[in-house]
Amino acid sequence: MSARTGRTSRTRFVLALAPLLLGASALLAGSAAGAVSVAFAGEVPVTVHVARVTGSGVSASPGASGRGGLLPALATRVEQATVRDACVTSTAQLPVVGAVTAVVRIERASATGLTVETGKTTAGSVKLSGARFSTPQRSLDRPTGLFTVGAQKVSGSGVTTRPHAFTAGTITSEGVAIELRRGKGGCTPGATP
């Protein structure tokens, strides 16, 4: 009878590998959950493309945003807002997996008490009704250097923004589709899923 040495049966190999696979799965799941919370904390860039946006009771002023290192931002408050054909993307770099992009498409959404802090916004067109501008003053001859712009109503099309943070009283959405993709990418403004 000959003795076999240096070989492991498939069953033993799978049983030995199972705890390692479970541990790796837990690590990846934990990393993915961490990436989501980092993205919402403004540390992973988020880009929002909107075909059409309308709002009422709008005011905006410069400020700072972020945790740790502060970023310059325009803080915009909108009492009531509606967006149509929005696409939100964010790419996070995960350990082992690499780049993962989250894509959220929204046919229509409305919000009340919305405040957005953003470092950059562009638009194809903007229309303001009841516009106002003011510069607060420390004294009669010393302005603070800050300003506030506002409007009773605002509408825009082809809007792209990169928010650092947002808060809202309520948000209602219709036609929501969420997709996770491996690699970098995002939305093409106006493209369908």
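**View 1. Thr101 within strand 3 of the predicted model.** Thr101 is located in strand 3. With a relative accessible area of 1%, Thr101 is buried, because this value is under 20%.

**View 2. Surroundings of Thr101.** A polar atom of the Thr101 side chain lies 2.6 Å from the backbone oxygen of Gly183.

**View 3. The largest nonpolar core.** This core comprises 8 residues: Val46, Val48, Val50, Val83, Ala86, Ile106, Ala109 and Val159. At least two residues of the core come from each of strand 1 (46–65), strand 2 (71–94) and strand 3 (98–122). The greatest contribution is that of strand 1, which gives 3 residues.

**View 4. Val159 and its contacts.** Val159 is one of the residues of the largest nonpolar core. Not counting residues up to four places away in sequence, Val159 touches Val48, His49, Val50 and Val53, together with Thr121, Thr122 and Ala123. Of these partners, Val48 and Val50 are also listed among the members of the largest nonpolar core.

**View 5. A separate core of 5 residues.** Another nonpolar core lies apart from the largest one. Its 5 residues include Val78, Ala81, Ala111 and Leu114.

Methods. Residues numbered from 1 in each chain as written. Predicted model: local features only at pLDDT ≥ 70, side-chain atom pairs only at ≥ 80, totals over all residues. Heavy atoms only, no water. Core = buried A, V, L, I, M, F, W, Y, C linked by side-chain atoms within 4.5 Å. Buried < 20%, exposed > 50% of the residue type's maximum accessible area, 1.4 Å probe, protein only. Helix = DSSP H or I, 4+ residues; strand = E, 2+ residues; numbered from the N terminus. Contact = heavy atoms within 4.5 Å. Polar contact = N/O pair within 3.5 Å; in protein donor to acceptor, adjacent residues only side chain to side chain.
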